[in-house]
Amino acid sequence: AASVERLSKEMKNFKEEKEKEHELLTIEKQATENELSNWKETVDSLNEKLAKEKTVTVDLDKELDEATIKLTEHETTIESLKGELDQTAASVERLSKEMKNFKEEKEKEHELLTIEKQATENELSNWKETVDSLNEKLAKEKTVTVDLDKELDEATIKLTEHETTIESLKGELDQTAASVERL
């Protein structure tokens, strides 16, 4: 009878121990499931942020590409204006040799055109370097949206300056053409 009682106590203790273990395992399982759920939410949130960031980067990329295309178009326009300036300078030089009365006026005009041509060539060189630099940065930093914003702002300012230069050069051409026509 004593061994049955002892066995009964051992069984009772074993049962209580197993119930406690089961309870602990249930709590740990719930904690693990909660932690997994939290990690899943964090991953989902990060994926959403990444998707938004990629969209912003693509949009900025597109704007920068458009600005680069406009820069190229402006370079072409300036090259054309340079050609016209060169032709005009040659015409002015010939006329100044043929017409001694206007020699001094035409020499000054030619000097101004040469200075403007040099300034235009310097600016063209700067623009080419700027475009090359923008293309390199674009390739390396597509995901850095703040830098892309800054680059785009700088390119827009340069475009405005370029348009002003083009208008100025067109004005010079018109004045020179009018002077040549009067001669």
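Among contacts in the chain (heavy atoms within 4.5 Å) between residues at least 6 apart in sequence, 85% join residues at least 24 apart. This is a predicted model, in which local features need pLDDT of at least 70 and side-chain atom pairs count only at pLDDT 80 or more, while totals for chains, interfaces and linings use all residues. Residues are numbered from 1 along each chain as its sequence is written, and side-chain values use heavy atoms, with hydrogens and water left out.

### Overall form

The chain has three helices and zero strands, in the order α-α-α from the N terminus. Helices (H or I, at least four residues) and strands (E, at least two) are DSSP runs, numbered from the N terminus. The radius of gyration of the chain is 39 Å, well over the 16 Å that the globule rule gives for 183 residues, so the chain is more spread out than a compact globule. That radius is taken over C-alpha atoms, and the globule rule is 2.2 Å times the number of residues to the power 0.38. Along its principal axes the C-alpha trace spans about 145 × 20 × 15 Å.

Of the 183 residues, 22% count as buried. Buried means under 20% relative accessible area, exposed over 50%, and partly exposed in between (1.4 Å probe, protein chains only).

Alanine 2 lies in helix H1 and counts as exposed because its relative accessible area is 60%. Between alanine 2 and serine 168 there are 166 residues in sequence and 116 Å in space, C-alpha to C-alpha. Aspartate 65 is also found in helix H1; at 38% relative accessibility, aspartate 65 is partly exposed. Aspartate 65 is 25 residues from lysine 40 in sequence and 37 Å from lysine 40 in space, C-alpha to C-alpha.

### Nonpolar cores

A nonpolar core is a set of buried Ala, Val, Leu, Ile, Met, Phe, Trp, Tyr and Cys residues joined through side-chain atoms within 4.5 Å. In soluble globular proteins, nonpolar side chains tend to be buried together. The largest core here has eleven residues, including Leu60, Leu71, Trp127, Leu148 and Leu159. H1, helix H2 (103-140) and helix H3 (145-182) each supply at least two residues of this core. A second, separate core has nine residues, among them Leu85, Leu113, Leu124 and Leu169.

Leucine 159, a member of the largest core, touches Ala67, Lys70, Leu71, His74 and Trp127, not counting residues up to four places away in sequence.

### Tryptophan 127 and aromatic rings

Tryptophan 127, also in the largest core, has the charged end of lysine 158 over its ring, 6.0 Å from the ring centre. A charge sits over a ring if NZ of Lys or CZ of Arg is within 6 Å of the ring centre and within 35 degrees of the ring normal.

The count of aromatic pairs is zero. For that count, rings of Phe, Tyr and Trp (its six-membered ring) pair if their centres lie within 6.5 Å; planes under 30 degrees apart count as stacked, over 60 as edge-to-face and the rest as tilted.

### Salt bridges

Side chains of opposite charge can pair when their charged atoms come close. A salt bridge is a side-chain nitrogen of Lys or Arg within 4 Å of a carboxyl oxygen of Asp or Glu. A search of the whole structure finds eight salt bridges. The table gives some of them.

| Pair | Closest N to O distance |
|---|---|
| Arginine 6 and glutamate 10 | 4.0 Å |
| Glutamate 79 and lysine 82 | 3.8 Å |

Arginine 6 and glutamate 10 both lie in helix H1 (residues 2-98), four residues apart, about one turn of the helix. At 52% relative accessibility arginine 6 is exposed, whereas glutamate 10, at 46%, is partly exposed.

Lysine 40 and aspartate 44, both in helix H1, are likewise four residues apart, about one turn of the helix. Lysine 40 is exposed, with a relative accessible area of 53%, and aspartate 44 is partly exposed at 36%.

Glutamate 79 and lysine 82 lie three residues apart in helix H1, about one turn of the helix. Is lysine 82 buried or exposed? Lysine 82 counts as buried because its relative accessibility is 14%, while glutamate 79 is partly exposed at 42%. A network of salt bridges links Glu79, Lys82 and Glu121.
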